[in-house]
Amino acid sequence: MSLDPQQDDAPQAGFLPLDGVRVLELGNYIAAPTAGRMLADFGAEVIKVERPRTGDELRNWKLHTGTTSLLFRTINRNKRSVVLDLRSEAGREAVLALVRDSDVLLENFRPGTLERWGLGPEVLEEANPELVLVRVSAFGQTGPLAERPGFAAVAEAHSGFRDLVGDPDRPPVRVGVSIGDSIAGMQAAFGACMMLFERERRRSAGAAGTPGSGARTESTASGAGSSPTLAQRTVDVALHEAMFSVLESLVPDYSATGTLRRRTGGRMEGIAPTNAYLCAGGRSVVIAGNGDGIFSRYMRVIGRPDLAEREDLQTNAGRWAARDELDEAIGAWTTPRSVEEVLEALEAADVPAGPIHTAADLVRDPQLLARDMIQTRDVAVVDHAGEDGDAVLRDIAFPGITPVLGGTSLPIRTLGPDLGADTADVLARAGLDEETVRRIEEETR
């Protein structure tokens with residue numbers, strides 16, 4: 001699929017707090033590119049460096065038509081694509097030229113890869129003493145597992161997260177998205193913003209220099225002295241630590257009392273009644289009626305005032321002990337009723353509940369539409385010979401930008417770019433002469 005990455009009719013964004021920040025993304029797959037997407041969504045110029053000929057492997061993941069997947073178009077929206085061979089001397093020099101005028105470098109190679117290519121921290125710091133380096137890997141840059149490869153699925157398992165997903169009498173399962181990559185990407189974007197904030201705070205306290213200038217600065221704030229080293233400005237995100245960080249009190253509970261949390265299917269350990277329930281027609285709802293006050297109203301809605309009044313069910317501990325009984329009673333009420341009937345009755349009683357949506361529901365969901373969380377764009381299909389086809393996919397729905405600034409989601413300016421669409425322009429702007437740019441383009445065809 002193809003979409004002109006610099007459409008003249010691209011939507012004009014409003015408030016873009018990261019406008020003026022330049023990010024060099026050397027990432028592949030989902031984790032680092034998710035960080036790049038978040039920064040690009042809010043105005044940063046994100047230059048995505050891809051390998052020759054194949055580009056980011058995500059271009060072929062979940063590919064249903066054409067040559068570039070909608071997954072790639074989504075994860076890499078609002079970015080520019082440059083093709084370089086990082087193993088070549090010309091590619092290395094081009095990257096360093098881009099580094100000199102960048103604020104952030106994102107990468108998610110196995111630890112040691114950049115160093116082997118002659119692009120380690122010392123080289124990067126020499127090129128730009130103010131650069132923020134964001135590194136995403138399976139297990140982090142240090143420790144006994146640092147050099148071990150691993151996708152998010154492995155990291156989710158290693159973190160303890162996977163052990164909690166699924167039913168107690170079956171092996172653990174995975175959730176339906178690359179949640180480890182996505183959470184790590186969010187943490188990487190947050191880390192980059194923290195470092196940029198720290199840099200600007202030093203500058204506003206009396207340091208010289210401008211964003212992306214590469215000028216070494218001195219801070220007068222609190223006697224801080226010289227700028228932090230690149231080692232201090234490095235954001236080290238491990239996929240397995242990102243997932244470990246969302247496990248709430250799993251480890252403290254075990255450390256304090258020896259308690260091991262178990263898989264609970266659609267339930268939440270120690271909290272009841274909250275679960276998914278089947279309705280008429282095969283659709284389902286989630287009902288969270290676990291608050292003490294809510295529970296009484298909930299049971300009366302389903303025609304079980306006896307449960308509402310039972311002494312042993314007045315606290316959450318008692319309801320958790322009776323969770324099977326409660327779920328059976330709730331399921332008996334929901335099964336013959338439509339989702340709409342169930343939700344109407346629960347809403348009237350102020351019991352939190354919602355439908356379990358599919359993609360077909362989401363594209364017409366009034367709440368998402370009201371906040372511009374469903375945004376449509378045209379995508380032209382490109383065949384495998386690289387030629388434009390006749391087909392144009394009209395009004396394809398894409399997820400909007402989060403978090404919301406100013407009331408509604410910011411508009412998607414461009415979808416993920418065609419491979420190498422911006423190589424010549426970006427390299428020329430980085431100061432490379434026409435002959436060098438031409439040689440790099442020939443080298444990467």
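This is a predicted model: local features need pLDDT of at least 70, side-chain atom pairs count only at pLDDT 80 or more; totals for chains, interfaces and linings use all residues.
I count a contact when heavy atoms sit within 4.5 Å. With that in hand, I looked at contacts between residues at least 6 apart in sequence, and 69% of them join residues at least 24 apart.

**Overall layout.** I went through the protein chain and found 18 helices and 13 strands. I then boxed the C-alpha atoms along the principal axes and got roughly 80 × 60 × 40 Å.

**Surface.** Of the 445 residues in the protein chain, 47% are buried. The chain exposes about 21,500 Å², and carbon and sulfur atoms supply 53% of that.

**Charges.** I got 48 positive and 67 negative side chains, with the centres of the two sets 3 Å apart. How many salt bridges does the structure hold? I found 40.

I picked out D327 and R267, whose side chains meet in a salt bridge at 2.8 Å, N to O. D327 sits in helix 13 (residues 323–334), while R267 is in the loop between helix 9 (250–257) and strand 9 (274–278), so the pair links parts of the chain 60 residues apart. Is D327 buried or exposed? D327 counts as buried because its relative accessible area is 12%, and the cut-off is under 20%.

**Two more pairs.** R304 bridges to D306, with the closest N and O atoms 2.9 Å apart. Both are partly exposed: R304 at 28% and D306 at 40%. R310 pairs with D312, again with 2.9 Å between the closest N and O atoms. Here R310 is partly exposed at 26%, and D312 is partly exposed at 40%.

**A network.** I also noted that salt bridges with shared partners join R22, E45, R80, D101, D422, D425 and R429 into one network.

Terms used. Residues are numbered from 1 along each chain as its sequence is written. Side-chain values use heavy atoms; hydrogens and water are left out. Helices (H or I, at least four residues) and strands (E, at least two) are DSSP runs, numbered from the N terminus. Buried means under 20% relative accessible area, exposed over 50%, partly exposed in between (1.4 Å probe, protein chains only). Accessible areas come from the Shrake-Rupley method with a 1.4 Å probe; for residues, only the protein chains shown count as cover. Lys and Arg count as positive and Asp and Glu as negative; His and the chain ends are not counted. The place of a charge is taken as NZ of Lys, CZ of Arg, CG of Asp or CD of Glu. A salt bridge is a side-chain nitrogen of Lys or Arg within 4 Å of a carboxyl oxygen of Asp or Glu.
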